[in-house]
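Reader: Please present the structure, and let us then discuss it by question and answer.

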Amino acid sequence: MSAAVTLALLFFFSVALKEVKGCSCAPGHPQQLFCMSDIVMQAEVTGEKIIHSGGIIPGMGKIQYKIQVIEVFKGFDRINEIQHVYTHEMSSMCGTKLGRGQYLLSGSITPEGFFVSMCDYLELWNKLSLMQKENLKYRYLMGCTCMISTCIEKPCQPSTKNECILTDWSYLWPFEDGKSVHESACIRHSDGSCSWYEGTGKPSENDTMNVSEV
């Protein structure tokens with residue numbers, strides 16, 4: 001790799017990192033965040049409680065949110081473990097504030113419980129477009145064995161057949177609806193190749209891998 005390309009990549013990633021209230025999150029396509037999460041669900045937040053760590057540094061506790069699960073999109077076998085959702089109290093540790101209402105929640109199972117953060121795919125449910133909701137239900141899981149990568153030097157060509165390429169990450173944060181990058185999903189076809197899908201409804205079973213095979 002040439003020095004010029006190396007510098008270009010370093011500049012790209014330095015610009016790409018989004019800092020929100022002291023928390024730095026690398027941008028990612030919503031499907032990437034979906035696939036990296038242990039659980040993704042639609043849930044209603046009905047209450048909160050601050051749990052202090054007992055340490056000498058204020059704000060180092062966590063917030064416990066009481067939720068009512070409405071629909072699960074990933075982590076079906078682990079959802080019974082979830083009684084509450086947690087986040088760090090401090091925004092500098094990527095903690096996030098959730099009000100009462102319905103949310104798309106994604107995050108990780110830890111020894112302390114199910115944690116969400118600013119860097120996860122979190123959004124008020126009524127702010128998601130119809131296409132984004134369909135992606136969550138029908139398409140994202142079909143592409144979790146695909147690879148989503150970015151290209152900063154055109155022309156851009158996939159290096160493998162299971163790769164979907166993004167040519168513009170500038171709209172990946174925040175996850176505003178109406179942006180084409182948020183409306184598309186990278187799905188795996190029956191021949192093992194992957195490509196962007198922007199149709200409506202569930203992709204044809206004849207053209208995609210069965211979810212049990214992914």
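Author: This is a predicted model, in which local features need pLDDT of at least 70 and side-chain atom pairs count only at pLDDT 80 or more, while totals for chains, interfaces and linings use all residues. Residues are numbered from 1 along each chain as its sequence is written, and side-chain values use heavy atoms, with hydrogens and water left out.

Reader: Which residues does Gln-64 touch, not counting residues up to four places away in sequence?

Author: Contact means heavy atoms within 4.5 Å. Leaving out residues up to four places away in sequence, Gln-64 touches Gly-47, Glu-48, Lys-49, Ile-51, His-84, Val-85 and Tyr-86.

Reader: Is Gln-64 buried or exposed?

Author: Buried means under 20% relative accessible area, exposed over 50%, and partly exposed in between (1.4 Å probe, protein chains only). Gln-64 has a relative accessibility of 15%, so the residue counts as buried.

Reader: How far from the centre of the ring of Tyr-86 is the charged end of Lys-62?

Author: A charge sits over a ring if NZ of Lys or CZ of Arg is within 6 Å of the ring centre and within 35 degrees of the ring normal. The charged end of Lys-62 sits over the ring of Tyr-86, and its distance from the ring centre is 4.8 Å.

Reader: Why does the pair of Phe-73 and Trp-125 count as stacked?

Author: Rings of Phe, Tyr and Trp (its six-membered ring) pair if their centres lie within 6.5 Å; planes under 30 degrees apart count as stacked, over 60 as edge-to-face and the rest as tilted. The ring centres of Phe-73 and Trp-125 are 5.9 Å apart, and the pair is stacked because the planes lie at 10°.
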